[in-house]
Amino acid sequence: MTHTHAALAPNAVIGIVGGGQLGRMSAVAASRLGYKTHILTQDAHGPAAQVCSAITLGAYDDPAALDAFAKAVDVVTFEFENISADALDRLSRHCPVRPSGNILRISQDRLAEKTFLAEAGVPLAPWHAVTDHASLHAAADRLGFPLILKTTRNGYDGKGQRRVQSAAELDEAFAALAPHPLVAEGMVDFACELSVMVARGTDGTTRCFDTVLNHHWHGILDLTLAPAPVPESVAAEAGRLAALIAERFDLVGIMGVEMFLVRDGSLMVNEVAPRPHNSGHWTMDACAQDQFDMHIRAVAGLPLPHATRHSDAVMKNLVGPEDMALWPAILANPGHIPHLYGKKEAREGRKMGHVNILFPYGALPGDWGIQAALGPLATKCASPPTCGRRLNTPTA
């Protein structure tokens, strides 16, 4: 399906629901394209509010705030999923919402998302819906141990999930996670996690950024390597799956698609996020147009250029006070390209910013070279993960 809405003229107002760092970087991208941004937020001093043209301060479920916000903008997008699809539907009475509330309705519920993807023919890790104790034990019989129990909503950065090692832990894990229902996922012997940022315009044009490799630390993304050191056939298949999902969703905007590369060379999609994504931050310095440019172009109805990488890159998240203590060293390193989000307090586990490090195109180094480039930032990743050919993944 394609959409025939005219492109937004310069100085039009793009409304962004959410006031965090993704809204901030989207607003900066919008300003480069000549647009104003208006943020719906509950924090008048948050990252996005610091760089936008206007804000509506209010709750995301407040009808009055939603209506006032929608009447002040020409199109609406969102930077996080903690707004209800019903609220997006209300906004759509006044102006276009991109991506649509229907996409959010699916993606913010793990059961709905897995059902949708399975029906689209997308390969997934083994999973089972858990609604009560009977289905909990049926899931364990089917999936075996260990397994992962996850809430269907509001899980991110390792929150809302429990690893269950044995039948003795099942009932306690079920009681500890709320709300129900839950999703049980089987453990996959995967080589690494890959992701693809895919953008799709109002005319159906789809662009995929290069497939990347992600490394996590305590459930939070730590490093992204671009491009992923995998066979070309694997990277191409990851892009194909991302484009397929975008098309089936009738996406307008950008979406992050996370996948597992299994040791037999196959791919399994883990989850999707219909918004800019942490694993796409490398594009801000390694591509002519980054993920935020692509997102704003799609939302505004502009043509989408090719997602061209001109350099290889490593993205390193800055998390909590430990990483922020390294800020002087980061600024002193000419190879580090810093991005701070304007958050006041560096709390444990809180993403404060990121650093991009560029390498010549086709010259992403191995583990030791990456550690050397990271310098003091390498403390969390004494052995960054390798993937693909380094693990003898089949090239077919």
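Biologist: Why is K351 called buried?

Modeller: In this predicted model, K351 has a relative accessible area of 14%. Buried means under 20%, so K351 is buried.

Biologist: Where is K351 found, and with which side chain does the side chain of K351 make a polar contact?

Modeller: K351 is in strand β17, residues 351-359. Its side chain makes a polar contact with the side chain of N278.

Biologist: What makes the pair K351 and N278 a polar contact?

Modeller: The distance is 3.0 Å, and the cut-off for a pair of N or O atoms is within 3.5 Å.

Biologist: F359 lies in strand β17 as well. Is F359 buried or exposed?

Modeller: The relative accessibility of F359 is 14%. Exposed would need over 50% and buried needs under 20%, so F359 counts as buried.

Biologist: Which residues is F359 in contact with, leaving aside its neighbours within four places in sequence?

Modeller: They are S311, D312, A313, V314, L364, P365 and A373. Contact here means heavy atoms within 4.5 Å.

Biologist: How far is F359 from V17?

Modeller: Their C-alpha atoms are separated by 35 Å, and the two residues are 342 apart along the chain.

Biologist: What is the bridge partner of V17 in β2?

Modeller: The partner is L40. Strands β1 (residues 13-17) and β2 (residues 36-41) run parallel.

Biologist: How do you know that β1 and β2 pair?

Modeller: Five bridges join them, and pairing takes at least two.

Biologist: What is the strand order of the open sheet of four strands?

Modeller: The order is β3-β2-β1-β4, with parallel pairing.

Biologist: What makes β3 and β4 the edge strands?

Modeller: Strands β3 (54-57) and β4 (75-78) each pair on one side only. Neighbouring strands of the sheet are turned by 25° against each other on average, direction ignored.

Biologist: Which strands does helix α2 touch where it packs on the sheet?

Modeller: Helix α2 (residues 63-71) touches β1, β2, β3 and β4, and its direction makes about 175° with that of β2. Helix α10 (residues 291-300) also packs on the sheet, where it touches β1 and β4. The direction of α10 makes about 145° with that of β4.

Biologist: Which residues touch the most other members of the largest nonpolar core?

Modeller: Of its 50 residues, these are L194, I245, M255, V257, M259 and V269. Helix α8 (residues 232-249) gives the largest share, eight residues.

Biologist: Which residues does the second, separate core include?

Modeller: That core has 20 residues, among them A12, A30, I296 and V299.

Definitions and conventions:
Residues numbered from 1 in each chain as written. Predicted model: local features only at pLDDT ≥ 70, side-chain atom pairs only at ≥ 80, totals over all residues. Heavy atoms only, no water. Helix = DSSP H or I, 4+ residues; strand = E, 2+ residues; numbered from the N terminus. Buried < 20%, exposed > 50% of the residue type's maximum accessible area, 1.4 Å probe, protein only. Polar contact = N/O pair within 3.5 Å; in protein donor to acceptor, adjacent residues only side chain to side chain. Axes fitted to C-alpha atoms, helices over the stretch in contact; angles between N-to-C directions. Core = buried A, V, L, I, M, F, W, Y, C linked by side-chain atoms within 4.5 Å.
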